[in-house]
Amino acid sequence: MESGQLAGRAPAPGCGESLDMEDSPLHPQSATRTSGKMDKPLISHQLVDSDGSLAEAPSEVPKVGILGSGDFARSLATRLLGSGFSVVVGSRNPKRMAGLFPSAARVTFQEEAVGSPEVIFVAMFREHYSTLCGLSDQLAGKILVDVSNPTEREHLQHHESNAEYLASLFPTCAVVKAFNVISAWTLQSGPRDGNRQVPVCSDQPEAKHTVLEMVRAMGFTPVDMGSLASAREVEAMPLRLFPGWKVPALLALGLFIFFYAYNFVRDVLEPYVQEGKNKFYKLPVFVVNTTLPCVAYVLLSLVYLPGVLAAALQLRRGTKYQRFPDWLDHWLQHRKQIGLLSFLCAALHALYSLCLPLRRSHRYDLVNLALKQVLTNKSHLWNEEEVWRMEIYVSLGVLALGMLSLLAVTSLPSIANSLSWKEFSLVQSTLGFVALVLSTLHTLTYGWTRAFEESRYKFFLPPTFTLTLLVPCVVILAKGLFLLPCVSRRLTKIRRGWEKDGSVRLTLPVDRALAQKTSHV
């Protein structure tokens, strides 16, 4: 469940306070290059004095320039120093800005900052790029790394990316787009607390290779996005709001609205119309609590339904070398988000269930039940069947929620990356299917014999739990069918590359001697 920004983090790239810029670094030599691991320290030990302050970087360390003195520029300078680079910062007011940067970074005027470094980070807004035109002669032949991000309005207004605009202003420079998806906070705290991937694109292969090596040296994972024409797509990445969650969220919302309306008609509207009873007080808690498990249960079944459909397609085609339909392919890619939304609904259902006895209406029902028992002269009220049903029902619900919790935890990148493929598959596939079975038993125990009682069909509508059982039962039956030896063996062969006759025909060599030398897999 892919890393969000925490409250209070420093602004993202391009959100600096000042228009000043800093020089950008060359990739360090192998001796000074850090490992790039998740546990890499922020500040290199070679740059720290005995008193804990940053020491002056050695003269042989590759020098990087930064033009800009905002939050991102300061975080970038700190990260570069900790990765073994020498940093020089170009500012319009170096005396005022020097105290904001680490002591190992040299803060000077822009003209001096762009002199020696070969790689220069441009940490300023697009509208201020033209202020650097006076430095065009000094910047000639250097690598300019654009880290800016446009606003949504700017992205729609301009037909060219910020990086392409910068390249048009400085045709003698090699412009590289990078680090725009990394926040200032992530630069300070390291890749452990943020996204490790850094898209990089440029029209100059050598300049792009230099920046790719710098990204690795700083502990991040570079992603080559090709030419500078991809910069517009790279700049659009930070503007997207949960792109992988849109369809799953709409699906969950649609299911919630459907089941909420269905339960409203059955539990609130029907008593009001048929008996004149006002039960609208059930809308905030009771109806919501009845709706949430329906949504969670159906969403969990929709996590495993696309896998069943994909296996059925492979069995029908007799090969795995044909693409799935686009709708199925997108469905498979959204299973993680759907599963997490299922866990959210299940957890909310558990909390709402714990709150049910706290309602005033529940207390009134208990008092009325006690008075009714007194008036009918019943001293002992006990239904053995109902007691056992509720005990089993609650126990199965707790077990199912526990399994869902395990699935949700292992979906976190930090946990998933520590598991082997076999371990991850065991949790997400096997234990996930167990969670679906437990949820089905939980639902069946809740329903018990209610599906066969005429009084449960209000407005001729069946009980809600009967609707939720449709898709999960199909998934469970299909999974059971795939476990049959004849089907399982065929499916395993297909997934190992086997194809049925007629799908692909292999032509053997005519020369018998050559045929004996040919390897067959």
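Biologist: Before we get to the helices, when is a crossing called left-handed?
Modeller: A crossing is left-handed if the near helix is turned anticlockwise from the far one by less than a right angle. This is a predicted model, and in it the crossing of α11 and α17 is left-handed.

Biologist: At what angle do the axes of α11 and α17 cross?
Modeller: Roughly 145 degrees, and the two axes come within 10 Å.

Biologist: Which residues make the contact?
Modeller: From α11, they are Y297, L300, S301 and Y304. On the α17 side there are Q428, S429, G432, F433, A435, L436, S439, T440 and T443.

Biologist: How does that contact split by class?
Modeller: Six residues are nonpolar, seven are polar and none is charged.

Biologist: Step back a bit. How many helices and strands does the protein chain have?
Modeller: The chain has 21 helices and nine strands. Of its 521 residues, 42% are buried. The exposed surface comes to about 28500 Å², with 60% of it from carbon and sulfur atoms.

Biologist: And how many residues are in the largest nonpolar core?
Modeller: It has 42 residues, and L255, L299 and L302 have the most contacts inside it. Among the elements giving two or more residues to this core are α10 (246–274), α13 (335–355), α15 (384–410) and α17 (421–447). The biggest contribution is from α11, with 18 residues.

Biologist: What does L255 touch, leaving aside its neighbours within four places in sequence?
Modeller: L255 is in contact with V295, V298, L299 and L302. There is also a second, separate core, of 39 residues, which includes F121, V176, A207 and V215.

Biologist: New topic: L470. Buried or exposed?
Modeller: L470 is exposed, because its relative accessible area is 58% and the cut-off for exposed is over 50%. L470 lies in helix α19. Its C-alpha atom is 8.9 Å from that of V298, a residue 172 places away along the chain.

Biologist: What about phi of F459?
Modeller: Phi of F459 is also positive, near 55 degrees, and this residue is not glycine either. F459 is in the loop between α17 and α18 (464–468).

How values were computed
Residues numbered from 1 in each chain as written. Predicted model: local features only at pLDDT ≥ 70, side-chain atom pairs only at ≥ 80, totals over all residues. Heavy atoms only, no water. Core = buried A, V, L, I, M, F, W, Y, C linked by side-chain atoms within 4.5 Å. Buried < 20%, exposed > 50% of the residue type's maximum accessible area, 1.4 Å probe, protein only. Helix = DSSP H or I, 4+ residues; strand = E, 2+ residues; numbered from the N terminus. Contact = heavy atoms within 4.5 Å. Axes fitted to C-alpha atoms, helices over the stretch in contact; angles between N-to-C directions. Nonpolar A, V, L, I, M, F, W, Y, C, P; charged D, E, K, R; others polar. Areas by Shrake-Rupley, 256 points an atom, 1.4 Å probe, with all protein chains shown as cover.
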